[in-house]
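Try each one yourself before you read the solution.

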Amino acid sequence: MFRDSPRSRLVLAVLLVAAVALLVLDSRPGGDPVTSAGRAAGEYVFAPAASGVGWAAAPAVSFYDGLRAAPRAAERIAVLEAENAELQERLVAARNDDERAAQLAELLHLSGLGGYEIVPAQAVTRVTARGFARTVTLDVGAESGIRPDMTVVNGHGLVGRVVEVGPATSTVVLATDVASAVGARLEATRKIGVVRGGTVPGGPDAELTLELFDMEAPVEAGDRVLTLGSHDGAPFVPGVPVGTVEEVQSSPGALSRLARIAPAVDFAALDVVGVVVAGPAEDPRDSVLPPRPEPEGDR
């Protein structure tokens, strides 16, 4: 603690005189030797003290500057976070739009090959209706010309059939529902049967099961299955890909052959679909099927 004594008073007086002298010297113009020497001596004596004070005060100054800048920094961070969230939303929306555009292009390609007149739609929700286990709701209905017992497809093949119609929505029972049954035929031999949703008694575990009526019909893994077509195209138009044979099973004493079918459609990722409002003028046969991949040795 600073004590009041003759010595301390003397030191204080000397410092005050030196400070006044430095002020006078610093204010004088020119660079004569006496002034320059005085300035140099003052810097030599007081510069370390000034540096020490600045070093000691630096944390407090930085803290004060941080306090002043904190509200503005928080506001800026909030603005940047909001802009980042908006950009991410736009990016996701753009990706979804691109994906749906690609699905629509595939759908239009399939309908063009088969000669189907379609109304594009979006599979909005999965619901349970009229006792069916696997159904979806579409965002089109009677106002778009949709009626019950119309075929529903996507860019890869058969989705199902319309069972209920409202003014702006409709309900579709999927081909994989256990109550679904679709007349079908094999691509190569044109042998006919029925594709049922799920597993049938005596058959292998499956999403779709093909039951061939001819026990002697040649069938093996890799054979492709299409819709046979109903009278007047309701509920199923002909030539729509249903799936591919994965496994064939024959049971002793059975009246038909059973095969597990890998669906042409990914039912877990339904989005853009098409309701066939008018069937083809004639059976497109196998023209809707995609080309088979070339064997590795032929490439």
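Strands here are DSSP runs of E, at least two residues long, numbered from the N terminus. One more thing before you start: this is a predicted model.

**Exercise 1. Where is Asp 149 found, and what sets its phi apart?**

Step 1: Asp 149 sits in the loop between strand 2 (135-138) and strand 3 (151-153).

Step 2: check the backbone. Phi of Asp 149 is near 65 degrees, a positive value in a residue other than glycine.

Step 3: Most residues other than glycine have a negative phi.

Step 4: look at the cover. Exposed means over 50% relative accessible area and buried means under 20%, with partly exposed in between. Asp 149 has 35%, so it counts as partly exposed.

**Exercise 2. Where does Arg 285 lie, and what is its phi?**

Step 1: go to the segment after strand 12, where you'll find Arg 285.

Step 2: read the angle. Phi of Arg 285 is positive, about 55 degrees, although the residue is not a glycine.

Step 3: With 48% relative accessibility, Arg 285 is partly exposed.

**Exercise 3. Which strands does strand 6 pair with, and in what sense?**

Step 1: start with strand 7. Strand 6 (residues 181-186) and strand 7 (residues 192-197) run antiparallel and are joined by 5 bridges.

Step 2: look at the turn. The hairpin of strand 6 and strand 7 has 5 residues between the strands, and Arg 190 takes a positive phi near 65 degrees there.

Step 3: move on to strand 9. Strand 6 pairs with strand 9 too, in the antiparallel sense, over 3 bridges. Here Leu 186 stands opposite Val 225.

Step 4: Val 225 and Leu 210 are among the residues with the most contacts inside the largest nonpolar core, which has 45 residues. Leu 210 is in contact with both Leu 186 and Val 225, among others.

**Exercise 4. What can you find in the loop between strand 9 and strand 10?**

Step 1: begin with Leu 228, which is in this loop, between strand 9 (224-227) and strand 10 (241-249). Its relative accessible area is 34%, so Leu 228 is partly exposed.

Step 2: see what goes with it. Leu 228 forms a nonpolar surface patch with Ile 192 and Phe 213, and together they have about 270 Å² of accessible area.

Step 3: now find Pro 235 in this loop. The peptide bond from Ala 234 to Pro 235 is cis, with omega near 10 degrees. For comparison, most peptide bonds are trans.

**Exercise 5. Is Glu 220 buried or exposed, and what does it touch?**

Step 1: use the cut-off. Glu 220 has 54% relative accessibility, so it counts as exposed.

Step 2: list the contacts. Not counting residues up to four places away in sequence, Glu 220 touches Val 245 and Val 248. Glu 220 and Val 248 are 28 residues apart in sequence, while their C-alpha atoms are 6.5 Å apart.

Key
Residues are numbered from 1 along each chain as its sequence is written. This is a predicted model: local features need pLDDT of at least 70, side-chain atom pairs count only at pLDDT 80 or more; totals for chains, interfaces and linings use all residues. Side-chain values use heavy atoms; hydrogens and water are left out. Patches are made of residues with over 30% relative accessible area and no salt bridge: like charges are joined within 9 Å, nonpolar side chains (Val, Leu, Ile, Met, Phe, Trp, Tyr) within 5 Å. Accessible areas come from the Shrake-Rupley method with a 1.4 Å probe; for residues, only the protein chains shown count as cover. A salt bridge is a side-chain nitrogen of Lys or Arg within 4 Å of a carboxyl oxygen of Asp or Glu. Helices (H or I, at least four residues) and strands (E, at least two) are DSSP runs, numbered from the N terminus. Buried means under 20% relative accessible area, exposed over 50%, partly exposed in between (1.4 Å probe, protein chains only). A nonpolar core is a set of buried Ala, Val, Leu, Ile, Met, Phe, Trp, Tyr and Cys residues joined through side-chain atoms within 4.5 Å. Contact means heavy atoms within 4.5 Å. Two strands pair if DSSP finds at least two bridges between them.
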